[in-house]
Amino acid sequence: MDDFYKEYILDHYRQPRNFGSLEGATAVAEDLNPLCGDRIRFEFKVDPNGVVEDVRFSGRGCAISQASASMLSETLRGMKLADVARLDKQTVLDNVGIGISPARLKCVMLGLKVAKSAALGEIAGWPEEEQST
Amino acid sequence: MTSLAPADAKASRVQLDFPILRKPTSRGRRLVYLDSAATSQKPQAVIDALVRYYSEYNANIHRGVYEIAELATEAFEEARAKVARFVNAAHPAEIVWTRNATEAINLVSHSWGLEHLHPGDAIVATQLEHHSNLVPWQLLAKRTGAELRFIPVDERGVHVLDNLDRLLDGAKLLALSHVSNTLGTIAPLERLVDAAHRAGALVLVDGAQSVPHFSVDVRALDLDFMAVSGHKMLGPTGIGFLYGKRTLLEAMPPFLTGGDMIRSVAYTQTDFNQIPWKFEAGTSNVADAIGLGAAIDYLNELGMDWVRAHEVRLTAYALERLVELAERGLAVYGPPGAEPRAGVISFNLGDIHAHDLASILDTDGICIRAGHHCTMPLMERMGWPATARASFYIYNTEADVDALIESLQKAAKIFKLA
């Protein structure tokens, strides 16, 4: 587990990418991990084709939750919202690149949970024929 | 660091009584258990008491006429008497078995609280409370129209008593933790109980963090209720108790109802049993009550004065050594020094989140708690997103503190703290 705290993880923790809020965000979600108090918010600007044009995240918490969300934010830009909603845990694990103990899995997955929830919430608001795209 | 002082030698002997402390971690490290405020480890004597009950005289109590049922009943009631003596209750009938301190508090809030609180009355707690001594009162206040007030604490987590009499004006109940599980603050009970009683309020003390660690005399302190968990004082999980003054318990209606808590039952009407059984519906947790009795025997053997002296000494040593990490950004919270606190130290190291710290320490076999410690309002009031917490008990030694410091140094290095 101490191997987890690699240079690039600490770099994302201390200099999170795409950190802040987004004016004119069209999809937003926020959640917390009550066990740790980790908190993550994702904001997307989605273009008419359903593609994530811009992304910001904000929050506070452990290095694992914040670095994981920061790396995820880089993955999300340019993705189709429908694909964001279908992202699986492996994407996040590949991002962070290191094994996580079961106790900390919730920390590392919090960003993914919030991003998917923002995507699903936005898709649910679309007219029915577009939801399958 | 230092030579083994006599008290530490005793703690080293105590360690041998705890099988879990002799078992290496999966990484082959010695287990350094610094989370006794969450739950304590169990000595062999307690484990043996459980095994003996289940393998030699397991039977239901208060009903069987055969030998092992009588043995079980006797051991169960003897454990209650041990608890009564341990906290100096006037009579074993003043000890009601519960699952834990939480259930004991809920018993009082439902049974006593719903009968006695009315709109305009006040319940007074402190800003230090664990959720277990807060949420029941929030619900009770909502159900009865009573007002919930809080005795404030300062930046060190020490009670501020400037407006005490005003806060207690109109109060029916003062419900407070004897020791803060987050900061270790010991409440000035003599003064608080006196002020509450003068205001006409009863006092409920959450003794979950005090009774395991120093001698608590409910009669000398003139407490009306006290809630305690067995698993934090070497006992099994799932057993705890409520102390209540006899006159109060006798006047209170039952909480949970069913078998065992009755004297006679007709289809439409029931006469309840006398205290304490009036509050013990259904088959009790016989094995764990007996286990808690064995835990109390073990603590009495050590002597609660030694337990307290050992923890003060160890806490003082830890506070002294933690100063070495000050230049790396270590912040220690809670009352100044070891004397005004129990063996609990909350801290943060630089910008390392407490959970990351706990993960790094875990790889060295060191168990600490990280997070909000079930005191979210306190964390909010202090402006801490989370803290790391080390807590000590009878089996901890200076070597454990040294291991903690060494591992914190390692964490500082991993996070490149100046």
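This is a predicted model: local features need pLDDT of at least 70, side-chain atom pairs count only at pLDDT 80 or more; totals for chains, interfaces and linings use all residues.
1. Aromatic pairs, overall. Over all chains, the count comes to 13 aromatic pairs.

2. Pair between chains. A:Tyr13 and B:Phe415 have ring centres 6.2 Å apart and planes at 90°, so this pair is edge-to-face. The contact crosses between chains: A:Tyr13 belongs to helix H1 (residues 7–14) of chain A, while B:Phe415 lies in the segment after helix H14 (398–414) of chain B. A:Tyr13 counts as buried at 15% relative accessibility, and B:Phe415 counts as buried at 0%.

3. Pair within chain B. For B:Trp112 and B:Phe225 the ring centres are 6.5 Å apart and the planes stand at 65°; the angle is over 60 degrees, so the pair is edge-to-face. Distant parts of the chain are linked here, with B:Trp112 in helix H5 (residues 101–116) and B:Phe225 in strand E7 (residues 225–229), 113 residues apart. B:Trp112 is buried, its relative accessible area being 4%. B:Phe225 is also buried, at 0%.

4. Cluster in chain A. One aromatic cluster is formed by A:Phe19, A:Phe42, A:Phe44 and A:Phe57.

5. Surface patch on chain B. B:Val65, B:Tyr66, B:Ile68 and B:Leu71 make a nonpolar surface patch of about 390 Å². One of these residues, B:Leu71, sits in helix H4 (residues 67–86) of chain B. B:Leu71 has a relative accessible area of 39%, and is therefore partly exposed.

Key
Residues are numbered from 1 along each chain as its sequence is written. Chains are lettered from A and ligands numbered from 1 in the order in which they are written. Side-chain values use heavy atoms; hydrogens and water are left out. Patches are made of residues with over 30% relative accessible area and no salt bridge: like charges are joined within 9 Å, nonpolar side chains (Val, Leu, Ile, Met, Phe, Trp, Tyr) within 5 Å. Accessible areas come from the Shrake-Rupley method with a 1.4 Å probe; for residues, only the protein chains shown count as cover. A salt bridge is a side-chain nitrogen of Lys or Arg within 4 Å of a carboxyl oxygen of Asp or Glu. Helices (H or I, at least four residues) and strands (E, at least two) are DSSP runs, numbered from the N terminus. Buried means under 20% relative accessible area, exposed over 50%, partly exposed in between (1.4 Å probe, protein chains only). Rings of Phe, Tyr and Trp (its six-membered ring) pair if their centres lie within 6.5 Å; planes under 30 degrees apart count as stacked, over 60 as edge-to-face and the rest as tilted.
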